[in-house]
Amino acid sequence: ILSYLILSYIILSYLLLTYTVSPKVASNQFHLCLRFLSGDHVFKGFNNDALLSNESFPELDDHHHVDHVDAAFHMHFDDDPSHEHMFFFLDDNVFSYNAYKLEDGYPKKIHEVFPGIPDHLDAAVECHKGECDEDSVLFFKDHDVYHYNIQTKAHTASTLTTMPNCTAALRFMDHYYCFHGHMFSKFNPKTLEVPAEKYPKEARDFFMKCRDHTEHSERERCSRVDLDAITADGAGHMYAFRGHYYLHKAHGSDAYTADTIENDFRELHSDVDAVFSYNNHTYMIKGNDLYIYQVGEHNTLLDGYPKPLKDELGLEGPIQAAFVCDNEHTAHLIKGNHIFDVDMQTTPHVATNDRPLTHFKKINGAMCGADGVTLIDGNHFYKYESIMLMVASKMLPEAHKVSVELFHCDH
């Protein structure tokens with residue numbers, strides 16, 4: 001069930017250790033305790049079970065049936081009377097808790113406690129001086145963001161244009177995060193700018209360990225559905241594509257992680273036909289189009305792409321598989337039951353050296369490395385020491401099961 005929960009509302013509370021620490025370093029001595037709120041449940045920390053919100057904060061139910069919380073934040077400003085209080089926002093009301101006890105006189109109307117801040121908020125997060133101009137709280141509603149000064153009670157408003165609307169916001173380890181449903185973006189609290197890397201990301205892969213990479217990775221590794229494509233780059237990293245997802249195994253690691261194709265190769269979305277790696281670029285073929293991505297922290301589509309496959313590599317689609325061997329400059333493209341060579345160092349690229357591959361019903365993917373050529377046919381793969389032996393072979397070599405011997409599943 002947790003796999004499909006939308007991570008809607010988050011607060012951050014700090015619990016002091018039993019010994020005294022100086023104010024200067026106190027924030028670094030706190031034990032961090034995250035609370036994730038979704039609907040009428042709260043998750044304490046990364047791994048614990050879901051509890052009803054009204055078990056920890058019963059007054060929320062006394063005044064308002066707690067089927068949701070609009071926003072919440074932890075007030076952690078030493079000079080403020082509400083230091084170490086937690087604020088919950090429900091419709092036009094605000095609840096203030098100190099050590100899990102509702103303060104006298106609460107709930108109050110939001111405008112009484114935070115003048116100028118609207119009702120029915122989407123998110124809120126504290127922002128410390130230095131990270132913001134002054135000790136502040138950022139309130140989010142639709143496209144509007146309100147920087148509220150704790151001391152003066154003045155606020156300034158701006159429009160959120162750098163990322164989707166926030167359904168929750170969080171300060172964690174001196175960084176700020178805005179959540180959009182089950183996705184999240186890191187942002188600068190002063191400028192609201194998002195760093196130049198791939199955001200939004202999947203929140204449940206980073207903040208909720210009950211649904212981390214394992215869920216997708218286990219399913220994709222051990223699926224009986226045929227792969228769409230596979231490749232290994234010069235650094236020894238392996239990538240396998242199926243439907244909307246891809247698996248990645250880093251060089252020197254036995255662990256596979258899964259992510260959506262759209263997250264890392266946004267323009268492709270899904271259903272890749274063939275992929276090969278060459279010269280720090282990933283060549284991805286889909287139908288009659290070729291997409292070329294610059295490999296890096298963010299896979300960046302080269303300007304002008306996608307381009308027609310025929311113009312770029314000399315063949316029309318569909319292409320079943322493609323690969324380049326280590327330290328070579330020839331791309332080998334498999335179309336139907338034929339294999340072609342494309343010299344990547346000469347332009348225009350032309351497909352030449354047409355040779356038949358007669359032993360396979362359908363080749364789903366291929367890659368080439370120091371141990372030779374791997375061809376994937378359905379749920380099995382076959383190893384050849386070289387391309388020449390693969391083409392010249394009169395019979396199939398030993399079959400290996402993809403899920404068991406490639407992805408280390410038990411079936």
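This is a predicted model: local features need pLDDT of at least 70, side-chain atom pairs count only at pLDDT 80 or more; totals for chains, interfaces and linings use all residues.

Trainee: What makes C127 and C132 a disulfide?
Mentor: The rule asks for a pair of cysteine sulfur atoms within 2.5 Å. C127 and C132 have an S to S distance of 1.9 Å, so they qualify under that cut-off. The structure holds four disulfides.

Trainee: And why is the disulfide of C127 and C132 called right-handed or left-handed?
Mentor: The torsion about its S-S bond is about 100°, so the C127 and C132 disulfide is right-handed.

Trainee: Which hand does the link of C166 and C178 have?
Mentor: That link is left-handed, with -125° about the S-S bond. Its two cysteines sit twelve residues apart and link distant parts of the chain: C166 is in the loop between β13 (155-159) and β14 (168-172), and C178 is in strand β15 (residues 175-180). Those element names come from DSSP runs numbered from the N terminus: helices are H or I with at least four residues, strands are E with at least two. The sulfur atoms of C166 and C178 are 1.7 Å apart.

Trainee: How do you know whether C166 is buried or exposed?
Mentor: Buried means under 20% relative accessible area, exposed means over 50%, and partly exposed is in between (1.4 Å probe, protein chains only). C166 has 1%, so C166 is buried. C178 comes out at 0%, so C178 counts as buried too.

Trainee: What about C222 and C409?
Mentor: They form a disulfide with their sulfur atoms 2.0 Å apart. The torsion there is about -95°, so this one is left-handed. C222 lies in helix α5 (residues 213-222) and C409 in the segment after α9 (402-406), 187 residues apart. Both of these cysteines are buried. Number the protein's bonded cysteines in sequence order and the pairing reads 1-2, 3-4, 5-8, 6-7.

Trainee: What makes β14 and β15 a pair?
Mentor: Two strands pair if DSSP finds at least two bridges between them. Five bridges join β14 to β15, and the two run antiparallel. In that pairing, L170 stands opposite Y177 in β15. They belong to an open sheet of four strands, in the order β14-β15-β16-β17 with antiparallel pairing. β14 and β17 (201-202) are called edge strands because each pairs on one side only.

Trainee: What makes something a nonpolar core?
Mentor: It is a set of buried Ala, Val, Leu, Ile, Met, Phe, Trp, Tyr and Cys residues joined through side-chain atoms within 4.5 Å. The largest here has 33 residues, and F241, F276, M284 and L313 have the most contacts inside it. Apart from it lies another core of 26 residues, including M86, F139, Y146 and Y148. Going back to L313, its contacts (heavy atoms within 4.5 Å) include F276, I285 and L333, leaving out residues up to four places away in sequence.

Trainee: Why is the pair of F73 and F139 called edge-to-face?
Mentor: Rings of Phe, Tyr and Trp (its six-membered ring) pair if their centres lie within 6.5 Å; planes under 30 degrees apart are stacked, over 60 edge-to-face, and the rest tilted. By this rule there are 25 aromatic pairs. For F73 and F139 the centres are 6.2 Å apart and the planes are at 85°, so the pair is edge-to-face. F73 is in strand β5 (residues 71-75) and F139 in strand β11 (residues 136-141), so the pair ties together parts 66 residues apart in sequence. Ring pairs link F73, F87, F89, F114, F139 and Y148 into a cluster.

Trainee: How do you know whether E220 and D259 are buried or exposed?
Mentor: E220, in helix α5, has 8% relative accessibility, so E220 counts as buried. D259, in strand β21 (residues 256-260), has 17%, so D259 is buried as well.

Trainee: What does the side chain of D259 make a polar contact with?
Mentor: With the side chain of N263, at 2.9 Å. The rule wants a pair of N or O atoms within 3.5 Å; within protein, one must be able to donate a hydrogen and the other to accept it, and residues adjacent in sequence count only if both atoms are side-chain atoms.

Technical notes. Residues are numbered from 1 along each chain as its sequence is written. Side-chain values use heavy atoms; hydrogens and water are left out.
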